[in-house]
Amino acid sequence: MKISELFYSIQGEGLLTGVPSVFVRTTGCNLRCKWCDSGYTSWEPEGEHLSLDEILARVVAFPARHVVVTGGEPMIAGQIEDLCAGLRQLGLHITIETAATVFKPVACDLASLSPKLSNSTPWQREGGRFALRHEKLRLQPDVIRAFMERYPYQLKFVIDHPSDVDEVLSLIGQLPEVERSRVLLMPQGTTSEDVRERGLWLVEQCKEHGFRYCPRLHLDLFGHRRGT
Ligand code: SF4
């Protein structure tokens, strides 16, 4: 499999925030979010080929009980089902971080679903060459439902403008009954300052709708850098 990075840190976002976790980041993505914070897995994908045995050996070398399989888009990575099956055999708790545009029946303990709102579409970036494809693919309610039916889940949205919350409400209206405590709204940004600025109005939206505010702990602790 082509892996962009594999490291040990703490989970910075979501219901398991603060839990020491090994991160296995596949490279390659079927979307091109304009604000993607891991462009080395999407806009300019890079990584090294590792066998499944090598990946599992590196994971097990860390003293963690939790592993996060992320990307890029891990659901389009070759051998993703085998990788998750191997992690399950190691007895690890598996979080899958996915934009939920492609479903595969992987071993998973928490499906961290991050459907992309219209704020993600790269109409300007690189002359807009990925915009139409991204726009067509970014929301796949049937795929989101498939994950929700099969696994414990969280729905995590990147919010750029207050009006984005209307899109969240519209989407969850198309899904089976969604527990609002599992809907996390996360401010867009790559610095603590950006996140705090948006966070101040986003907290009010969370209070109004009963959603969970999602801090970005790794940004506060480490800043925007790889391997954290
Ligand atoms: S889905 Fe994730 S990895 Fe892919 S472009 Fe969007 S933010 Fe980047």
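Is the crossing in which helix 1 passes helix 2 left-handed or right-handed?

Tutor: The crossing of helix 1 past helix 2 is right-handed (the near helix is turned clockwise from the far one by less than a right angle). This is a predicted model, in which local features need pLDDT of at least 70, side-chain atom pairs count only at pLDDT 80 or more, and totals for chains, interfaces and linings use all residues. Residues are numbered from 1 along each chain as its sequence is written, and side-chain values use heavy atoms, without hydrogens and water.

Helix 1 spans residues 52–60 and helix 2 spans residues 80–89 (DSSP runs of H or I, at least four residues; strands are runs of E, at least two; both are numbered from the N terminus). The two helices pack at an angle of about 35°, and their axes lie 10 Å apart (lines fitted to C-alpha atoms over the stretch in contact, with angles from 0 to 180 degrees between N-to-C directions).

From helix 1, Leu 52, Ile 55, Leu 56 and Val 59 take part in the contact (heavy atoms within 4.5 Å). Facing them from helix 2 are Asp 82, Leu 83, Gly 86 and Leu 87. Six residues of this contact are nonpolar, one is polar and one is charged; Leu, Ile and Val count as nonpolar, Gly as polar and Asp as charged.
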